[in-house]
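User: Please go through this model with me, one question at a time. Give the cut-offs as the terms come up.

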Amino acid sequence: ALPFSAFPLTLALACALSMGAPDLASATSYTNSASGPWDADASWTGAKPAAGGAVDAEIVFANSVVSSNSLSGTFRLNRMEFAGGTATLSGGALSFTNNGATGPQLANTGSGPVAVRNAIAFGYDTTFYTVGAITNYGAISGKGGLVKTGSGLLILAATNNSTLTYFGTTLVAAGTMMIGTSTNGMGSSSSTNVTVQGGATL
């Protein structure tokens, strides 16, 4: 097991949030069905996304893949779902944003573990929904906060001097979340306002 240290917690009242599985319907959906870079047609079933993304973009990983965001610039999106088996995502930065109706979500609805190595920006409060585990290795920044839902495990393990500098609150509503600290070489966090609801674990 990796050595993790929990940050001191400041319990705060959480706003009313929907804690069920996210509704991942979106106006602009792209299905990644094969390992490879995002700019390759063979990585996608149907259309492939364009550089820069969009506020209503959704990426769905249908299978076990090793995928890389090879598109230029930061890719904006509203939702990302890992619906297949084991997956690893790397490459360019991702910026999660509100599509005007639904807050941003990153979900692992499959049974296999998912590793995300991209830098992530929270433009708004972003929900991580886990059935299978998600380990996030990249830096997380932005004004938004993090909401952890689902029964699975979320690990924020920023490595290689990456940091967790998002300034919103952190709400662990269900399942287990683990956070690395600078004392074990796994980054630090600017989000000190953390709420852990009953039945959840940090």
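Analyst: The protein has 20 strands and zero helices; both are DSSP runs numbered from the N terminus, with strands (E) of at least two residues and helices (H or I) of at least four. This is a predicted model, in which local features need pLDDT of at least 70 and side-chain atom pairs count only at pLDDT 80 or more, while totals for chains, interfaces and linings use all residues. Residues are numbered from 1 along each chain as its sequence is written, and side-chain values use heavy atoms, with hydrogens and water left out.

User: Which are the edge strands of the open sheet of nine strands?

Analyst: Strands count as paired if DSSP finds at least two bridges between them. The sheet has mixed pairing and the order β3-β1-β4-β7-β10-β13-β16-β18-β20. Each edge strand pairs on one side only, and these are β3 (44-45) and β20 (194-196).

User: How many bridges join β4 to β7?

Analyst: Strands of a sheet pair through backbone hydrogen bonds, either parallel or antiparallel. Strand β1 (residues 28-32) pairs with β4 in the parallel sense over five bridges, with Thr-28 opposite Ala-57. β4 and β7 also run parallel, and Ile-59 has Met-80 in β7 as its bridge partner. The number of bridges joining β4 to β7 is four.

User: How many residues of β4 are buried?

Analyst: Buried means under 20% relative accessible area, exposed over 50% and partly exposed in between, with a 1.4 Å probe and protein chains only. In a regular strand the side chains alternate between the two faces of the sheet. From β4, Glu-58 and Val-60 point one way and Ala-57, Ile-59 and Phe-61 the other, all of them buried. The count for β4 is five of five.

User: What is the distance from Arg-79 to the nearest side chain of opposite charge?

Analyst: Arg-79 lies in strand β7, opposite Gln-105 in β10. Its side chain makes a polar contact (N or O atoms within 3.5 Å, one able to donate a hydrogen and the other to accept it; for residues adjacent in sequence, both must be side-chain atoms) with the side chain of Asn-78 at 2.9 Å. A salt bridge needs a side-chain nitrogen of Lys or Arg within 4 Å of a carboxyl oxygen of Asp or Glu; Lys and Arg count as positive and Asp and Glu as negative, with His and the chain ends not counted. Arg-79 is buried and has no salt bridge, and the distance to Glu-58 is 4.7 Å.

User: Is Asn-63 buried, partly exposed or exposed?

Analyst: Asn-63 is in the loop between β4 and β5 (65-69), and its side chain reaches the backbone oxygen of Ser-33 at 2.8 Å. Beyond four places in sequence, Asn-63 is in contact (heavy atoms within 4.5 Å) with Asn-32, Ser-33, Gly-84 and Gly-85. Gly-84 is 21 residues away in sequence, with a C-alpha to C-alpha distance of 4.1 Å. At a relative accessible area of 36%, Asn-63 is partly exposed.
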